[in-house]
Amino acid sequence: MSLHTLPVHRGLRVPYVARWTGEKDISPAVVHAGGVLRYAEPIADAACRWQNALWRRLARAQGMGEPIFEALHPVRQRTTMWEQRCQVCAQSVAEEATAMGGALYLGGSNAKSGMQDPMAEGERTENPPLHIACAWESVSRCRHLMEGYTAARVARPLQWGVAGILHASARGTVVPVGRTEASYGSARLGWMLAERAIVRLTGVRAVDLVAEAELAGLLVAGNRR
């Protein structure tokens, strides 16, 4: 997939990781078995287990219905994180990362302060990497990022764990406890219904996205942010 083959909605290209309204939640009921959270349907349980975590099951119907830009499809998000692919076009970021000294990551403004805090060494993120061209299009079109963003090149993004809904055993059944994170190898991981893969950012170097876009020949008159 590339920028030229992405689904288009009202004149805007829809990122690969975005969820569509046609992608309904088809997760089976969950049960407690073997000391971990499982789907009651064995085939679905086997298909939706990754790195010892059970993942929420959504239909795969990219392009069907309306895009939900603020929501991510769990499998597509996980794929881009683990394979280091661009969250917009789904192509590998490896070549650009090698040339530029790290994969490009974006972060939005801080929800509490409204300010853009630089990405810190060891910070964790659910946002997959991007190519500079895709990042520039994103900050120019995405409402959330237009309100403010921070950018960094990351030399070593490390797979850390998952974000999702923690469950607990209660009176012979399982109940959701709340949204949280769990690292790979932790006891909590077995009780998670995962929705996002998380990486830990190491080798972080803050960058000026405008300068990188200019170097890549992406700027046009009146399009500097």
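Which residues touch the most other members of the largest nonpolar core? They are Leu-106, Tyr-149 and Leu-209, in a core of 46 residues. The model is predicted, so local features need pLDDT of at least 70 and side-chain atom pairs count only at pLDDT 80 or more, while totals for chains, interfaces and linings use all residues. Residues are numbered from 1 along each chain as its sequence is written, and side-chain values use heavy atoms, with hydrogens and water left out.

**Nonpolar core**
- A nonpolar core is a set of buried Ala, Val, Leu, Ile, Met, Phe, Trp, Tyr and Cys residues joined through side-chain atoms within 4.5 Å.
- Buried means under 20% relative accessible area, exposed over 50%, and partly exposed in between (1.4 Å probe, protein chains only).
- Elements giving two or more residues to this core include strand 9 (103-108), helix 4 (132-141), strand 11 (149-170), strand 12 (173-183), strand 13 (192-206) and helix 6 (209-215).
- Helices (H or I, at least four residues) and strands (E, at least two) are DSSP runs, numbered from the N terminus.

**Aromatic pairs**
- The structure holds two aromatic pairs; rings of Phe, Tyr and Trp (its six-membered ring) pair if their centres lie within 6.5 Å, with planes under 30 degrees apart counted as stacked, over 60 as edge-to-face and the rest as tilted.
- Trp-50 and Trp-82 are edge-to-face, at 5.6 Å centre to centre and 85° between the planes.
- This pair ties together parts 32 residues apart in sequence, because Trp-50 lies in strand 6 (residues 49-50) and Trp-82 in helix 2 (residues 74-82).
- Trp-82 and Tyr-184 have ring centres 5.8 Å apart and planes at 65°, so this pair is also edge-to-face.
- Tyr-184 is in the loop between strand 12 and strand 13, 102 residues from Trp-82.
- Trp-50, Trp-82 and Tyr-184 form one aromatic cluster.
- Trp-50 is partly exposed at 31% relative accessible area, and Trp-82 is partly exposed at 29%.

**Charges over rings**
- A charge sits over a ring if NZ of Lys or CZ of Arg is within 6 Å of the ring centre and within 35 degrees of the ring normal.
- Arg-76 has its charged end over the ring of Tyr-16, 5.8 Å from the centre.
- Arg-124 lies over the face of Trp-160, 4.1 Å from the ring centre.

**Gln-87**
- Gln-87 is in the loop between helix 2 and helix 3 (94-100) and is buried, at 16% relative accessible area.
- Beyond neighbours within four places in sequence, Gln-87 contacts (heavy atoms within 4.5 Å) residues including Tyr-16, Thr-80 and Asn-127.
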